[in-house]
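Thanks for coming. I will go through one model this morning, and I will take it slowly.

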Amino acid sequence: EDSNHQVCSVAVGVIGDLCRALEVGIFPYCDELITLLMQNLQNPNLNRNVKPPMLSVFGDLALAVSGGFEKYLSVSMQMLAAAAQTKVDTDNYDMLDYLNQLREGILEAYTGILQGLREDKKGDLFLPYADGVFSFLQVVAGDSERDDAVTRTAVGVIGDLAHTLGARVQAGLLSDPIKTLIREARKSDNAATKQVAQWAATTVKQVTG
């Protein structure tokens, strides 16, 4: 079980590396890779620690193949939405840590997908999923156990939603939970989080007037 988990983790890391190295050259392998990722994520015996990086690989693939990801958008967004529903025992520190990692993986995937589609001027394809993503961001905003990495990736997604979909998602961008996330990120001790917050706030302002 443990060695399988390690092999799986390494394999997931390699897929991410291949995406960055091959870029659009990975497209011919996407059918197989997405199928494998889906099968693994649906496997109840999968070691939970492999799930967060496995989810973020959807973002790596989308960044690599840009608009070509359209083919996998629906199935990927369903899988991410299912993962976003995960609830854990909040009294268990390990499970809270896992939930933060899982949410970070989901948010990284959303960022990759938004940026990948936008690259090929296909960002509009994300519009039907925007409400679901805003609902997830609302849950994230309300979580007092959220760590800095989740805050940073969440605010990154907010900036990408603004950049990609503009005024069409104005209501979501101006909602209180979204403002809360940006405000808290700006107060972070982490310079990278502060920087993302500044960018997201500016981007939101540009598209909402």
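In which hand does H4 cross H5, left-handed or right-handed? H4 passes H5 in a left-handed crossing. Left-handed means that the near helix is turned anticlockwise from the far one by less than a right angle, and right-handed means clockwise.

Before going further, some ground rules. This is a predicted model, in which local features need pLDDT of at least 70 and side-chain atom pairs count only at pLDDT 80 or more, while totals for chains, interfaces and linings use all residues. Residues are numbered from 1 along each chain as its sequence is written, and side-chain values use heavy atoms, with hydrogens and water left out. Helices are DSSP runs (H or I, at least four residues), numbered from the N terminus.

Back to the pair. Helix H4 covers residues 70-84 and helix H5 covers residues 93-119. Their axes are 11 Å apart, and the packing angle is about 160°. H4 is therefore roughly antiparallel to H5. The cut-offs are these: under 35 degrees is roughly parallel, over 145 roughly antiparallel, 65 to 115 roughly perpendicular, and the rest oblique. The axes are lines fitted to C-alpha atoms, for helices over the stretch in contact, and angles run from 0 to 180 degrees between N-to-C directions.

Which residues make the contact? On the H4 side they include Leu-73, Met-77 and Leu-80, and on the H5 side they include Ile-106, Tyr-110 and Ile-113. Contact means heavy atoms within 4.5 Å. By class, the residues of this contact are 12 nonpolar, no polar and 1 charged. Here Ala, Val, Leu, Ile, Met, Phe, Trp, Tyr, Cys and Pro count as nonpolar, Asp, Glu, Lys and Arg as charged, and the others, Gly among them, as polar.

H4 also packs with helix H2, residues 30-41. Those two axes come within 12 Å and cross at roughly 15°, so H2 and H4 are roughly parallel to each other. This crossing is left-handed. Among the residues in contact are Cys-30, Ile-34 and Met-38 of H2, and Tyr-72, Val-75 and Met-79 of H4. The classes are 7 nonpolar, 1 polar and 2 charged.

How many disulfides does the structure hold? It holds 0 disulfides, a disulfide being a pair of cysteine sulfur atoms within 2.5 Å. The sulfur of Cys-30 is 6.9 Å from the closest cysteine sulfur, in Cys-19, which is too far for a bond. Cys-30 is buried at a relative accessible area of 0%, and Cys-19 is buried at 3%. Buried means under 20% relative accessible area, exposed over 50%, and partly exposed in between (1.4 Å probe, protein chains only).

Next, two loop residues. Ser-66 has a positive phi, near 50°, although Ser-66 is not glycine. Ser-66 sits in the loop between helix H3 (51-65) and H4. Lys-121, also not a glycine, has phi near 55°, and is in the loop between H5 and helix H6 (130-141). Are these residues buried or exposed? Ser-66 is buried, at 13% relative accessibility, whereas Lys-121 is exposed, at 78%.

Last, Thr-151, in helix H7 (residues 148-165). Thr-151 is buried, with 6% relative accessibility. Apart from neighbours within four places in sequence, Thr-151 touches Arg-146, Leu-181 and Ala-185. That is the end of my list.
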